[in-house]
Amino acid sequence: MRFLKNHWFGFLLSLFFGAYLVVFLLVLFAPTKDIQKRGFTKCSASLYNDLKLCDRSSWCLLKNVLINNWCNVTVIGDGVSAWVKGEQSTPWANYFFEPELPQSDEPHPELVKFYQESTDLPRQMNELKNKNKILEQEVLKHGESEQSSGLGLE
């Protein structure tokens with residue numbers, strides 16, 4: 001009890017920074033891209049939109065980061081609340097999940113262009129491997145000739 005009486009301020013600061021670190025790590029390792037905008041995704045999106053309007057103001061930046069942290073804490077609180085009510089199986093199910101990513105059936109246009117221009121990729125790869133071997137041999141020969149000429153000069 002005497003320890004707590006003498007070090008209460010440091011204890012409170014440690015609790016605060018520990019809680020902040022836990023929230024930071026949860027947000028760091030949670031999925032960031034989701035079609036349904038579940039979990040911390042909506043907080044990050046709103047932070048991004050708010051920061052675009054800040055005009056490099058430090059106070060605006062600090063205010064929006066604090067609001068974003070509060071949003072993240074409410075997401076965690078919502079998960080615990082839904083778990084207590086029996087609406088989800090674990091307290092973290094609303095922010096640790098398998099994200100739904102947009103599925104595109106069409107390949108990227110640059111990839112299509114590359115495959116149209118490169119009709120025989122295996123042959124081109126073999127040619128590159130052969131050129132690489134020849135280049136390595138030339139470099140080794142050149143290095144050996146420099147070493148032998150360098151030894152003779154010393």
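**Exercise 1.** Determine how helices α3 and α4 pack and at what angle.

Solution. Helix α3 (residues 41-52) packs against helix α4 (residues 58-85) at about 170°, and their axes are 9 Å apart. This makes α3 roughly antiparallel to α4, a label for angles over 145 degrees. Axes are lines fitted to C-alpha atoms, for helices over the stretch in contact, with angles from 0 to 180 degrees between N-to-C directions. Helices are DSSP runs (H or I, at least four residues) numbered from the N terminus. The model is predicted: local features need pLDDT of at least 70, side-chain atom pairs count only at pLDDT 80 or more, and totals for chains, interfaces and linings use all residues. Residues are numbered from 1 along each chain as its sequence is written, and side-chain values use heavy atoms, without hydrogens and water.

**Exercise 2.** Identify the residues of α3 that meet α4.

Solution. From α3 come Lys42, Cys43, Ser44, Leu47, Asp50 and Leu51; they meet Leu61, Asn64, Val65, Asn68, Cys71, Asn72 and Val75 in α4. Contact means heavy atoms within 4.5 Å. By class, this contact of α3 with α4 has 7 nonpolar, 4 polar and 2 charged residues (Ala, Val, Leu, Ile, Met, Phe, Trp, Tyr, Cys and Pro are nonpolar; Asp, Glu, Lys and Arg charged; the others, Gly among them, polar).

**Exercise 3.** Describe how α2 and α4 cross.

Solution. Their axes come within 11 Å and cross at roughly 80°. Helices α2 and α4 are therefore roughly perpendicular (65 to 115 degrees). Tyr20, Val23, Leu26 and Val27 in α2 meet Asn69, Asn72, Val73 and Ile76 in α4. The contact of α2 with α4 divides into 6 nonpolar, 2 polar and no charged residues.

Terms used. Helix = DSSP H or I, 4+ residues; strand = E, 2+ residues; numbered from the N terminus. Parallel < 35°, antiparallel > 145°, perpendicular 65-115°, else oblique.
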